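Work through the exercises below with the sequence and the 3D view side by side. Try each task before reading its solution.

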Amino acid sequence: MAHFVLVLSHMLQRDGTLNEESTKRTLKGAEIFKTETADFIITSGGSERVHGDKAVAHVTRDFLITQCNISEHHIVAETRPRDTVGDAYFVSDHLGAGARMTVVTSNYHVSRVEHIFSFFLPDLTELKVIGVDHPAGLKLIAHENKSLSEFNSQFPDRGLSRTELFEILRTKHPLYNGEMF
């Protein structure tokens with residue numbers, strides 16, 4: 001049974017490097033990868049909402065290689081996701097039934113990640129979500145709650161096929177339906 005560690009990057013700085021929150025998440029992901037002897041570490045995120053044209057997944061991958069001494073053979077850079085919903089949908093392409101996955105995010109984001117990933121990845125034997133400490137004000141908590149409510153309205157039914165899930169993502173989600181990009 002393969003064990004994957006998924007680092008949900010946050011944002012990049014203007015100079016194209018990981019911001020503080022993304023760095024914390026990446027360092028924690030590297031620590032888990034090494035201490036739990038995971039098989040792969042997945043970096044996630046496209047280039048739509050970043051400075052420059054390098055995908056967040058690639059910046060995170062490069063950080064893991066240069067700063068954490070993780071071999072590129074153990075890193076999967078997934079550049080299609082634009083948000084947490086896309087992370088759960090697209091990362092599932094790399095997992096087989098019975099895979100274990102540890103997702104690393106920020107503490108304020110853990111509940112939403114658990115909900116969304118459990119929805120998209122019901123075949124996982126084990127899903128663990130780890131949050132790194134990062135301050136979250138009332139505005140950020142309100143955003144998390146609103147995003148979870150929107151997810152539940154866009155994806156009300158469990159048990160849909162991948163094709164049906166992608167159709168919802170492609171037609172209803174503003175980050176994937178052409179409204180924003």
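**Exercise 1.** Is the crossing of α3 and α6 left-handed or right-handed? Describe the packing of this helix pair as well.

Solution. The model is predicted, and the values in these solutions are computed from it.

Step 1. Locate the helices: α3 covers residues 84-91 and α6 covers residues 162-172.

Step 2. Take the axes, which come within 12 Å and cross at roughly 155°. Angles over 145 degrees count as roughly antiparallel, so α3 is roughly antiparallel to α6.

Step 3. Assign the hand: the crossing of α3 and α6 is left-handed.

Step 4. List the residues that touch. From α3 they are Val 85, Tyr 89 and Phe 90, and from α6 they are Arg 162, Leu 165, Phe 166 and Leu 169.

Step 5. Sort them by class: the contact of α3 with α6 has 6 nonpolar residues, no polar ones and 1 charged residue.

**Exercise 2.** At what angle do the axes of α3 and α4 cross, and which residues make the contact?

Solution. Step 1. Helix α4 is formed by residues 110-120, and the axes of α3 and α4 come within 9 Å, crossing at roughly 35°.

Step 1. The crossing in which α3 passes α4 is right-handed.

Step 2. On the α3 side, the contact uses Thr 84, Val 85, Asp 87, Ala 88 and Tyr 89. On the α4 side, Arg 112, Val 113, Ile 116, Phe 117 and Phe 120 take part.

Step 3. By class, the contact of α3 with α4 has 7 nonpolar, 1 polar and 2 charged residues.

**Exercise 3.** How many residues of α3 are buried?

Solution. Step 1. The test for buried is a relative accessible area under 20%.

Step 1. Thr 84, Val 85, Gly 86, Asp 87, Ala 88, Tyr 89, Phe 90 and Val 91 of α3 are buried.

Step 2. The count is 8 of the 8 residues, so α3 is largely enclosed by the rest of the structure.

**Exercise 4.** How are α1 and α2 oriented to each other, and which residues of α1 meet α2?

Solution. Step 1. Helix α1 spans residues 20-35 and helix α2 spans residues 56-68; their axes come within 11 Å and cross at roughly 60°.

Step 1. At this angle α1 and α2 are therefore oblique to each other. Their crossing is right-handed.

Step 2. Thr 23, Thr 26, Leu 27, Ala 30 and Lys 34 of α1 meet α2 at Thr 60, Phe 63, Leu 64 and Cys 68.

Step 3. The contact of α1 with α2 has 5 nonpolar, 3 polar and 1 charged residues by class.

**Exercise 5.** Which side chains make polar contacts with the side chains of His 134 and Thr 105?

Solution. Step 1. His 134 is buried, with a relative accessible area of 15%.

Step 1. The side chain of His 134 makes a polar contact with the side chain of Glu 21, at 3.2 Å. Beyond neighbours within four places in sequence, His 134 is in contact with Glu 21, Lys 24, Ser 106, Asn 107 and Tyr 108.

Step 2. Thr 105 counts as buried at 0% relative accessibility.

Step 3. The partner of the Thr 105 side chain is the side chain of His 109, at 2.6 Å. Neighbours within four places in sequence aside, the contacts of Thr 105 include Leu 8, Arg 25, Val 110 and Val 113.

**Exercise 6.** Is Leu 165 buried or exposed, and which residues is Leu 165 in contact with, leaving aside its neighbours within four places in sequence?

Solution. Step 1. Leu 165 lies in helix α6 and counts as buried at 7% relative accessibility.

Step 1. With those neighbours left aside, Leu 165 is in contact with Tyr 89, Phe 119, Phe 120, Phe 155 and Leu 160.

Step 2. Check one of these pairs: Leu 165 and Phe 155 are 10 residues apart along the chain, and their C-alpha atoms are separated by 7.9 Å.

**Exercise 7.** What is the phi of Thr 37, and what is the phi of Asn 69?

Solution. Step 1. Recall that most residues other than glycine have a negative phi.

Step 1. Thr 37, in the loop between α1 and β2 (40-44), has a positive phi near 50°. Thr 37 counts as exposed at 65% relative accessibility.

Step 2. Asn 69, in the loop between α2 and β3 (75-78), has a positive phi of about 55°. Asn 69 is exposed, with a relative accessible area of 65%.

Terms used
Residues are numbered from 1 along each chain as its sequence is written. This is a predicted model: local features need pLDDT of at least 70, side-chain atom pairs count only at pLDDT 80 or more; totals for chains, interfaces and linings use all residues. Side-chain values use heavy atoms; hydrogens and water are left out. Buried means under 20% relative accessible area, exposed over 50%, partly exposed in between (1.4 Å probe, protein chains only). A polar contact is a pair of N or O atoms within 3.5 Å; within protein, one must be able to donate a hydrogen and the other to accept it, and residues adjacent in sequence count only if both atoms are side-chain atoms. Contact means heavy atoms within 4.5 Å. Axes are lines fitted to C-alpha atoms, for helices over the stretch in contact, and angles run from 0 to 180 degrees between N-to-C directions. Helices (H or I, at least four residues) and strands (E, at least two) are DSSP runs, numbered from the N terminus. Angles under 35 degrees count as roughly parallel, over 145 as roughly antiparallel, 65 to 115 as roughly perpendicular and the rest as oblique. A crossing is left-handed if the near helix is turned anticlockwise from the far one by less than a right angle, and right-handed if clockwise. Ala, Val, Leu, Ile, Met, Phe, Trp, Tyr, Cys and Pro count as nonpolar, Asp, Glu, Lys and Arg as charged, and the others, Gly among them, as polar.
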